[in-house]
Amino acid sequence: MSSVYVSEPPTSGKVVLETTAGDIEIELWSKETPKACRNFIQLCLEGYYDNTIFHRVSPGWIVQGGDPSGTGNGGESIYGAPFADEFHSRLRFNRRGMLGMANTGANENGSQFFITLTATPELQKKNTLFGAVVGDSLFNALKLGEGEIDKETERPTHPKFIKQVRVLDNPFTDIVPRMTPMAVGSLNAPGKTKQKPKAVKNKRLLSFADEDNDADDIMQSGKNRKAMKSSHDLLVSDPMLSKAAAPIRDTANHPVLKMENGNITEADSPPTNTPTVSTEPVKPDIESQILAAESDIQALNKKKSKRISDRYSDDTDSGRQTKARKGALSMLTKSGRTGSAGKSTKRPKKTSESELLARLGQFQDRIRSTKQSANEPVSDQKSWLAHKLRFQGQPKSKSDPSAS
C-alpha cells in the first residue's frame, strides 16, 4: 500500500466538508487537475455546496453529491458551461476515498462530484480524479454509504447533507467569489418561508413602567393623570345627592325623622322606646363590696381546710398500705422457708457467748492432739500400707489392724 502513496504526486490545496456524518478532510491535486480544482474551490468559497444532500448512494461503490436541486440533474460549473476532463498517469482510482467529478459523458463536467467507497478501476479515464480523503475522516466518508436506500433509484430515504465547506488551503489566490455564501444559501433553499413579524409589546396595557425609565415614566404618568370623579360629580340630575358638605349637628338635640308617603319629615316627639342614659354620677356601694370580699375569704378558708383533711386521710391510707405490704412479705418469707414436702424448718436457736467459748476450747484441744500424734513415730502396723480397703457395711476381719 505504501507504493501507492509513493507513486501519487504531492497535493496542493485542502478543504473540509462539514457533513451530518462528520467532518471530511479532502486534499486536492491542483497542479495535475487545475480546472477541476479551481471549479471545486471557488464553488466552496461561494457556499454553493452548503445544505446540499448526497442524492445518490451506491453501497460499496460511490456516494454522489454537489447538486443544489438535490435531483441529480442540476448544478453548473464556474465557467458557465461544462469543462473538459483531466487525466493524469499517476492518479488512479485504486482505493477508497478518492474524489472525482461526476459527468453525463465525456467533457461534461459541472458541479457534481463523488467519493469512492472502494477501488473503482472501471472509472479510470472516464471521470476526472482531482482529490482524496485523508486521515481518520475517511471513516466519516464511509458512513455516507450507510442507511436505508431505494435500490432502483439509489436514492437514500434519509439523505445526509453538507452543512458547510471550509477552505483551509487555497492554491488559487486570484479566485474572486461571484456571490456570498448567504446569497447562494437562499437560492439552494427548497422554499422561502415568510418571516413572521415580531410581536410588539404594548406597554399601554400594563401598569408597570420599563426597567430603564421607571422613575421618569411614573412621574409623567402622575402629572398627566386625571383626577378621580365621584358619583356627586357624575350624577348631576339626581335630587337625592348634594354637592354641599353635610353640617355637623348636635346629636342630643337632633330631630327625629319619619317617612310618610315617600316624604321625609320631622316627628313631633321622640319615640317612647328610645333608651335614655342618666348623667348623674353613680356612687359605689362599699358595704356590698366588703360583704362580697368576706364571703370570698370564707370560701378560700373552707377549701384550705378541706385540702389538709384530704392529705391526712391520704397519709393514713398509705400507712395502712405499708402495714399490709409488710404482712404480705412476712407471709412470703415463711412460705419460702417450708420444704417441698410441706415440712417447716425450725429456726436455729441463738447460742450464748459461754457456749461459743466452750466450743472454741474444744476445737483448740483437737488441734493440739493432732499435732502431738503427728510428732510421734508411726509404727509399721499403724502405717497406711497396713490398712485394708473396706467398704461401708462390710464386717471387720480379725486380721484388720484397724479392728483392734
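## A buried pair of tyrosines

Tyr48 and Tyr49 are both buried. In this predicted model, the two residues also form an aromatic pair, with ring centres 5.9 Å apart and planes at 85° to each other, an edge-to-face arrangement. In total, seven aromatic pairs are counted.

## The chain as a whole

The protein chain contains eight helices and 13 strands. Of its 404 residues, 23% are buried. The chain exposes about 31700 Å², and carbon and sulfur atoms supply 54% of that area.

Contacts may also be described by how far apart the partners stand in the sequence. Among contacts with a separation of 6 or more, 66% are between residues 24 or more positions apart.

## Helix 2

Helix 2 covers residues 34–45, twelve residues in total. From its first C-alpha to its last it reaches 16 Å, close to the 16 Å expected at 1.5 Å a residue. After helix 2 comes Gly47, which has a positive phi near 75°.

Which residues of helix 2 are buried? They are Ala36, Cys37, Asn39, Phe40, Ile41, Gln42, Leu43 and Cys44. These buried residues pack against several strands, including strand 1 (14–19), strand 2 (22–28) and strand 11 (161–169). Strand 6 (98–103), strand 7 (109–116) and strand 8 (129–133) are also among their packing partners.

Cys37 is buried because its relative accessible area is 0%, under the limit of 20%. Cys44 has a relative accessibility of 4% and therefore also counts as buried. A disulfide is a covalent bond between the sulfur atoms of two cysteines. A search of the whole structure finds zero disulfides.

## The nonpolar cores

In soluble globular proteins, nonpolar side chains tend to be buried together. The largest nonpolar core here has 33 residues. Within this core, Ile26, Leu28, Phe40, Tyr49, Leu99, Phe113 and Phe130 touch the most other members. At least two core residues come from each of strand 1, strand 2, helix 2, strand 6, strand 7, strand 8, helix 3 (137–143) and strand 11. Helix 2 gives the largest share, six residues.

Another core, of ten residues, lies apart from the largest one. Its members include Trp29, Leu91, Met98 and Leu129.

Asn107 lies in the loop between strand 6 and strand 7. Its phi is positive, near 60°, although Asn107 is a residue other than glycine. Is Asn107 buried, partly exposed or exposed? With a relative accessibility of 39%, Asn107 is partly exposed, because this value falls between 20% and 50%.

Lys125 is located in the loop between strand 7 and strand 8. Lys125 likewise is not a glycine, and its phi is positive at about 60°. The relative accessible area of Lys125 is 65%, over the 50% limit, and Lys125 is therefore exposed.

Ser7 is part of helix 1 (residues 2–7). Ser7 and Arg92 are 85 residues apart along the chain, and their C-alpha atoms are separated by 9.9 Å.

Note on methods: Residues are numbered from 1 along each chain as its sequence is written. This is a predicted model: local features need pLDDT of at least 70, side-chain atom pairs count only at pLDDT 80 or more; totals for chains, interfaces and linings use all residues. Side-chain values use heavy atoms; hydrogens and water are left out. Helices (H or I, at least four residues) and strands (E, at least two) are DSSP runs, numbered from the N terminus. Buried means under 20% relative accessible area, exposed over 50%, partly exposed in between (1.4 Å probe, protein chains only). Contact means heavy atoms within 4.5 Å. Accessible areas come from the Shrake-Rupley method with a 1.4 Å probe; for residues, only the protein chains shown count as cover. A disulfide is a pair of cysteine sulfur atoms within 2.5 Å. Rings of Phe, Tyr and Trp (its six-membered ring) pair if their centres lie within 6.5 Å; planes under 30 degrees apart count as stacked, over 60 as edge-to-face and the rest as tilted. The expected span of a helix is 1.5 Å times one less than its number of residues. A nonpolar core is a set of buried Ala, Val, Leu, Ile, Met, Phe, Trp, Tyr and Cys residues joined through side-chain atoms within 4.5 Å.
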